Structures are given as C-alpha cells and as structure tokens.
Amino acid sequence: MPDDARYGPRLIFLKTDMATLTTERLILRRWREADREAFARMNADRRVMEFFPAPLSREESDLLMDRIEAHFEQHGFGLYAVELRHDGSFIGYVGLAVPTFQAAFTPCVEIGWRLAADYWGEGLATEGARRMVRYAFEDLRLDALVSFTVPGNTRSRRVMTELGMTHDPAEDFDHPNLPEGHALRRHVLYRLRRAE
C-alpha cells in the first residue's frame, strides 16, 4: 500500500494481480509494445482529442503510455488497453487513474476512457466502463469513483450517466492544469458511490 500522504486517509490502494478483464465484446488488459503505433494514431486524431488541449505527437503518446504503465506499477490498477475479442484490434483504453492535480474533490480515483473514433457509437465505452466499475467496487473495494470532462463533451457525459454517475453543478471546477481563459478549463464532475 502506498504511504504517499497525497492520498490522505480516505484512499487505501491494494496491489492486485492486475488480471485481464473481459466483457461480451472486449478484453481489458495491460499494455504491450505493439500498442504504441495504434495508440499514437488515436492520440493524433483531432476527433478523439477534440476536448483535450491538442492532439499528441508520437513522442507525447509514447510518454503517456509509459506514464500509464508506471501508474499500474505504483497503484496496482490503471488505464487498461482495450481490444476487441473477435479480432484482437486495439481500440483505446478504459480504466482507473489517480489524478495528480489538487482540487476540492481530490484525492480520488477517476474512471476514464478514450476510444478510437472508428469505434464510437457502438456502446463499447459504456460496456468497458461498466466492467471497470465492477472491478473497482468488487475487487479493489473502492468506495467511490469520479469522472470529469468539459461541459460540451456529450459523448463522455452520456457514458457517465449510463454508468449511474450523478452530476452536481455545484462541484463543477476549473481544471488547474489549464490556464485562466482557456476554452477547455471549465469541467463538470460526476460521482458514483459503491452500494452498501
């Protein structure tokens, strides 16, 4: 268990075997070197990165993948690479992450997803995220999850709603990693608590 004071008394992370997770159509697994090229293509796609500050270069994408893997090593969970069960195609990620910035709602664990645009509109993000919620609450025994995005990201907000997450406008916040006046600085916050 990490003893880093940033997480405070509310979060206790247990190292797990980081097992592969499956759904009817998806495999959620640890990352492979072979994922780098497809991940970089996805992160360079302006449609995928519409609600992020900018598309990523290949170097930036590789660094992000390295940070994701380091998160797994540190916490025992992370953003899982997602592939289609029927053909093994890499389509993006779904998983859990500990935000590194400070806000009124941190420390916390975020559930997030990013899929290649060719796979939008098929319910895959929701399917993968539902499996991740089950893993977070049943296996990791986390008490709650958050998710956040910009107000205009209706696709992600729809997934949050389909997961049963709730939005309180009083908790919306300005993302501290973006400068004042940035068009994407304002974020909406959604929460989901484990049923007792």
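Tutor: Let us begin with a definition: a residue is buried when its relative accessible area is under 20%, exposed when that area is over 50%, and partly exposed in between. Please keep in mind that this is a predicted model.

Student: Which residues of helix 2 are buried?

Tutor: In helix 2, Ser 61, Asp 62, Leu 64, Met 65, Ile 68, His 71, Phe 72 and His 75 are buried. These residues pack against helix 1, strand 3, strand 4 and strand 5.

Student: How do you know that the span of helix 2 is close to the expected one?

Tutor: Helix 2 covers residues 58–75, which makes 18 residues. From its first C-alpha to its last it reaches 26 Å, and the span expected at 1.5 Å a residue is 26 Å. Gly 76, with a positive phi near 85°, follows the helix.

Student: Why is the contact between Glu 73 and Arg 30 called a salt bridge?

Tutor: A salt bridge requires a side-chain nitrogen of Lys or Arg within 4 Å of a carboxyl oxygen of Asp or Glu. For Glu 73 and Arg 30 the N to O value is 2.8 Å, and the pair therefore meets the cut-off of 4 Å. Glu 73 belongs to helix 2 and Arg 30 to the loop between strand 2 and helix 1, 43 residues apart.

Student: Why does Arg 30 count as partly exposed?

Tutor: Its relative accessibility is 21%.

Student: What makes Arg 194 buried?

Tutor: Arg 194 has a relative accessible area of 17%, and the limit for buried is under 20%. Arg 194 also forms a salt bridge with Asp 143, their closest N and O atoms being 2.6 Å apart. Arg 194 lies in the segment after strand 9 and Asp 143 in the loop between helix 3 and strand 6, so the pair ties together parts 51 residues apart in sequence.

Student: How do you know that Asp 174 and Arg 185 form a salt bridge?

Tutor: Their closest N and O atoms are 3.9 Å apart, and the criterion asks for within 4 Å. Asp 174 counts as partly exposed, because its relative accessibility is 38%.

Student: Why are strand 1 and strand 2 said to pair?

Tutor: Pairing needs at least two bridges, and two bridges join these antiparallel strands. In one of them, Thr 22 has Ile 27 of strand 2 as its partner. Three residues lie between the two strands of this hairpin.

Note on methods
Residues are numbered from 1 along each chain as its sequence is written. This is a predicted model: local features need pLDDT of at least 70, side-chain atom pairs count only at pLDDT 80 or more; totals for chains, interfaces and linings use all residues. Side-chain values use heavy atoms; hydrogens and water are left out. Helices (H or I, at least four residues) and strands (E, at least two) are DSSP runs, numbered from the N terminus. The expected span of a helix is 1.5 Å times one less than its number of residues. Buried means under 20% relative accessible area, exposed over 50%, partly exposed in between (1.4 Å probe, protein chains only). Contact means heavy atoms within 4.5 Å.
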